[in-house]
Amino acid sequence: MYTDTVFLSATTTPFSYFPIVLQLLAALGFVGITMLATHFLGPKRKTSDKLINFESGIEQRGNARQPVAIKYFLTAILFVLFDVEVIFFYPYAVNFKSLGWEGFVAVLMFVGFFLCGFIYIVKKGALKWED
């Protein structure tokens, strides 16, 4: 019985990236053509109702430049922090069998550090909304 063994080389040439570049150019071209077409072909009727600012259906009052409570920014930063924490669980979830006990201990430490941070922000009152 004859078996033919073919070895694929792992060399990359600049031509290897041609499909990616082609797809990128097609996507950028589609976006550019669509934006130009809507700009030139779309209606251009500017009325006073269309030119006023729209705030989710709520009538405007006061100055938009007044200071905003720091609680909004703090909540947003905490959301991003804990959202990024969840992203770091995906590689562990994919490779948890091959990581063994060392990986499990590392994830427990990771969760422990974030849990300490969460307990700290709760004790500091960062999530309380009343002044």
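The expected span of a helix is 1.5 Å times one less than its number of residues. This rule will be needed at the second stop of the tour. The model on display is predicted.

**First stop: the whole chain**

Begin by showing the entire protein as a cartoon. Four helices and zero strands make up its secondary structure, and the order of elements from the N terminus is α-α-α-α. The radius of gyration is 27 Å, well over the 14 Å that the globule rule gives for 131 residues, so the protein is more spread out than a compact globule.

Of the 131 residues, 7% count as buried.

Then colour the charged side chains. There are 11 positive and 9 negative ones, and the centres of the two sets lie 9 Å apart.

**Second stop: helix H1**

Select residues 18-41, which form helix H1. Does the length of this helix agree with the rule given at the start, or what else might one find? At 1.5 Å a residue, the 24 residues of H1 should span 34 Å, and the end C-alpha atoms are 33 Å apart, which agrees. How many of the 24 residues of H1 are buried? The number is zero, so the helix lies largely in the open; to count as buried, a residue must have under 20% relative accessible area.

**Third stop: the annotated regions**

An unreviewed UniProt entry lists residues 20-41, 72-93 and 99-122 as "transmembrane region". Select residues 20-41: the chain here is 100% helix and 0% strand, with its end C-alpha atoms 31 Å apart. Now select residues 99-122. This stretch is likewise 100% helix and 0% strand, and its end C-alpha atoms are 33 Å apart.

Finally, select helix H4, residues 89-124, and find Phe-104 within it.

Key
Residues are numbered from 1 along each chain as its sequence is written. This is a predicted model: local features need pLDDT of at least 70, side-chain atom pairs count only at pLDDT 80 or more; totals for chains, interfaces and linings use all residues. Side-chain values use heavy atoms; hydrogens and water are left out. Helices (H or I, at least four residues) and strands (E, at least two) are DSSP runs, numbered from the N terminus. The radius of gyration is taken over C-alpha atoms; the globule rule is 2.2 Å times the number of residues to the power 0.38. Buried means under 20% relative accessible area, exposed over 50%, partly exposed in between (1.4 Å probe, protein chains only). Lys and Arg count as positive and Asp and Glu as negative; His and the chain ends are not counted. The place of a charge is taken as NZ of Lys, CZ of Arg, CG of Asp or CD of Glu. UniProt positions are given in the numbering used here, feature names are shortened, and annotations may be inferred rather than shown by experiment.
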